[in-house]
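Have a look at the sequence and the fold before reading on.

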Amino acid sequence: MNRFWRAIFGQNRFHQRTAVQEFDVLIIGSGLAGQSAALRLAESRRVALVSKRTLEDSASGWAQGGIAAVLDSKDSIEAHIRDTQIAGAWLNDEKATRFVVENGRRAIEWLIDQGVPFTKDESGYHLTREGGHSARRVIHVADATGAAVQETLTQKVRNNPNITILEHHIAIDLITGDKLGSGENRCFGAYVLDSRNGEVQTLGAPNTLIATGGAGKVYLYTTNPDTSTGDGIAMAYRAGCQVANMEFIQFHPTCLYHPQAKSFLISEAVRGEGGLLKLPDGTRFMPEHDERAELAPRDVVARAIDFEMKKRGLDCVYLDISHKGEDFIRAHFPNIHARCLELGIDIARDPIPVVPAAHYTCGGIVCDLKGRTDVAGLYVAGEASCTGLHGANRLASNSLLECLVFSEAAVNDILDQETARLPALPRWDDSRVTDADEEVVISHNWDELRRFMWDYVGIVRTTKRLKRASHRIRLLMREIDEFYANFRVSHDLIELRNLVVTADLIVRCAMRRRESRGLHYSPDYPEMLPKPRNTVLKRRRPAR
């Protein structure tokens with residue numbers, strides 16, 4: 001095996017220093033998909049739950065709007081499916097979409113059973129409406145649904161004796177048959193770095209679930225937490241999984257524009273409840289771009305804002321809901337109201353300055369309706385996956401629903417399998433590497449990658465810009481691979497290595513799509529082709 005493959009797959013790092021820990025199931029990622037799976041599995045399995053920071057710190061916890069499901073008698077399964085397909089520009093997998101929507105009510109009932117305090121009104125649970133939805137079907141906890149769900153589940157996870165929680169741990173790579181030299185297309189666990197002491201642990205498990213979330217941090221401006229670095233997607237791709245539709249990066253139209261506000265999202269529900277997008281002079285502009293105006297899907301609204309900002313040289317546009325009155329705003333958006341007040345913006349009286357920002361990764365690791373990937377024993381759920389639900393653009397509030405439905409599907413399949421025996425797993429070897437002499441290489445490459453991805457692979461992409469991005473990625477990959485091969489791994493190096501792989505997947509998928517569809521818009525190919533096709537990439541397994 002040559003030096004390049006050693007750098008990629010880490011076979012030069014096997015060592016006998018740290019013990020191998022074995023579990024029935026290894027879950028990498030502690031958002032809604034990971035925690036809900038852990039709770040279900042822990043009834044009969046020993047589970048390891050790996051969290052890059054703490055259980056409370058995930059993209060799921062940042063979700064404001066809510067969870068879409070058919071809960072009203074005036075709504076229907078077919079309407080929710082149709083709305084999802086329209087938003088997804090008809091690239092959605094019909095079976096996956098129906099599977100998720102039909103299991104929506106049961107997923108919500110499970111959360112209610114766990115104790116999630118969804119907002120109620122005089123008729124029962126309050127349902128709001130968001131862009132792209134034809135009915136009120138978004139159940140929520142005020143404007144902080146994700147935080148409430150995460151808090152409820154986290155308490156249960158921490159109290160469960162069958163769940164071993166590994167906080168401040170980051171997965172480096174999956175352990176596969178290829179890595180062990182057997183050639184078996186199966187996953188046996190992962191190598192994981194304890195960020196607090198620099199020790200690498202070998203975690204073995206016959207079944208591994210990737211629930212690591214998306215890759216928003218590949219862009220300079222994002223609504224995602226710092227943990228969203230595409231780790232699971234990059235690891236699965238290196239392990240030989242198919243990855244699809246990575247060109248479809250959803251840019252949320254309304255991220256708060258303020259120098260002291262990092263990645264603060266202004267919920268989709270603000271527009272759903274009557275918020276209006278305006279230019280600095282108070283003029284509305286969305287009706288000129290789409291007949292649905294502010295209730296158009298996110299890709300349409302984000303492109304409209306991007307167009308107006310570039311056309312007029314604006315730093316931001318404004319979202320105005322002040323006409324609804326202070327009582328309404330305080331009741332429906334207490335957290336947004338409070339945060340904006342801290343920054344000197346009274347949204348009950350003044351419009352909110354907003355800009356688009358990278359928000360959601362609609363593509364990811366390809367899986368079937370049971371969450372199974374191309375590699376035996378390896379499952380995926382949540383934003384790291386490409387289930388076919390989102391198509392070319394995610395419908396608002398379908399993401400948490402997908403987490404719940406597919407994590408349960410993966411759990412059911414794992415429980416149906418006979419527990420496989422693990423082979424002897426080699427330990428991590430860092431005996432032939434040294435401490436990094438210049439950490440500035442990591443920080444410089446991180447900054448450069450995120451800046452050119454924002455400039456060249458943003459809301460509007462041209463072929464020329466994509467080629468420039470591809471060229472820069474190749475150069476960065478060589479530098480990062482050399483750094484990884486020669487120096488001890490660190491948290492920042494692992495994330496940078498995964499970010500550059502994820503950026504490469506995004507650009508390669510974008511260059512293959514010769515049309516404009518959903519979240520991918522190219523002036524070079526402005527029309528949508530009559531037949532929707534997925535963009536699928538798969539790495540060749542290394543020669544033995």
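This is a predicted model: local features need pLDDT of at least 70, side-chain atom pairs count only at pLDDT 80 or more; totals for chains, interfaces and linings use all residues.

## The nonpolar cores

Let's begin on the inside. The largest nonpolar core takes in 118 residues, and Leu449 and Met453 are the ones with the most contacts inside it. Helix H18, covering residues 491-512, supplies the largest share of this core, with 12 residues. Another core, this one of 33 residues, lies apart from it, and Leu279, Ile305, Leu319 and Cys340 are among its members.

Which residues does Leu449 touch, leaving aside those up to four places away in sequence? The list is Val218, Ile473, Leu476, Leu499, Val500 and Ala503.

## The second largest pocket

Now for an open space. The second largest pocket holds about 650 Å³, and 29 residues line it. Lying nearest its centre are Tyr221, Val355, Pro356, Ala357 and Trp454.

H16 gives the most, with four residues. What is the make-up of the lining by class? It divides into 17 nonpolar, four polar and eight charged residues.

S16 is mostly covered, with eight of its eight residues buried.

## The cavities

How many cavities of 30 Å³ or more does the structure hold? It holds six, and the largest cavity has a volume of about 80 Å³.

The lining of the largest cavity is made up of Gln64, Gly65, His126, Thr128, His140, Ala142, Asp143, Ser267, Ala269, Glu273, His332 and Phe333. Sorted by class, that lining has three nonpolar, seven polar and two charged residues.

## A four-strand sheet

Next comes an open sheet of four strands, in the order S22-S20-S15-S24 and with mixed pairing. Strand S22 (385-386) and strand S24 (536-538) stand at the edges with a single partner strand each, so one side of each has no neighbour in the sheet.

How do strand S20 (residues 364-366) and S22 pair, parallel or antiparallel? They pair in the parallel sense, over two bridges. Ile365 stands opposite Ser385 in S22. As a general point, strands of a sheet pair through backbone hydrogen bonds, either parallel or antiparallel.

## A strand and a helix that are enclosed

Strand S4 (residues 47-51) has five of its five residues buried, so it is largely enclosed by the rest of the structure. Both of its faces are covered: Val47, Leu49 and Ser51 are buried on one side, and Ala48 and Val50 on the other. S4 pairs with strand S3 (residues 25-28) in the parallel sense over four bridges, and Val25 stands opposite Val47 in S4.

Why is helix H9 (residues 231-238) described as largely enclosed by the rest of the structure? Because eight of the eight residues of H9 are buried. Those buried residues are Asp231, Gly232, Ile233, Ala234, Met235, Ala236, Tyr237 and Arg238. Just after H9 comes Gly240, with a positive phi of about 105°.

## Two loop residues with positive phi

Last stop: a pair of loop residues. Trp90 has a phi near 65°, a positive value in a residue other than glycine. Trp90 sits in the loop between helix H4 (77-87) and helix H5 (94-102). Its relative accessible area is 46%, so Trp90 is partly exposed.

Ser397 has a positive phi as well, near 70°, and is also a residue other than glycine. Ser397 lies in the loop between S22 and helix H15 (399-416). Is Ser397 buried or exposed? With a relative accessibility of 5%, Ser397 counts as buried, as buried means under 20%.

Notes:
Residues are numbered from 1 along each chain as its sequence is written. Side-chain values use heavy atoms; hydrogens and water are left out. A nonpolar core is a set of buried Ala, Val, Leu, Ile, Met, Phe, Trp, Tyr and Cys residues joined through side-chain atoms within 4.5 Å. Buried means under 20% relative accessible area, exposed over 50%, partly exposed in between (1.4 Å probe, protein chains only). Contact means heavy atoms within 4.5 Å. On a 1 Å grid over the protein atoms alone, a cavity is a set of points where a 1.4 Å probe fits but cannot get out, and a pocket is an open set with protein on both sides within 12 Å along at least five of seven lines; lining residues have an atom within 4 Å of a point. Grid points are joined across faces, edges and corners, and a volume is the space filled by probe spheres set on the points. Ala, Val, Leu, Ile, Met, Phe, Trp, Tyr, Cys and Pro count as nonpolar, Asp, Glu, Lys and Arg as charged, and the others, Gly among them, as polar. Two strands pair if DSSP finds at least two bridges between them.
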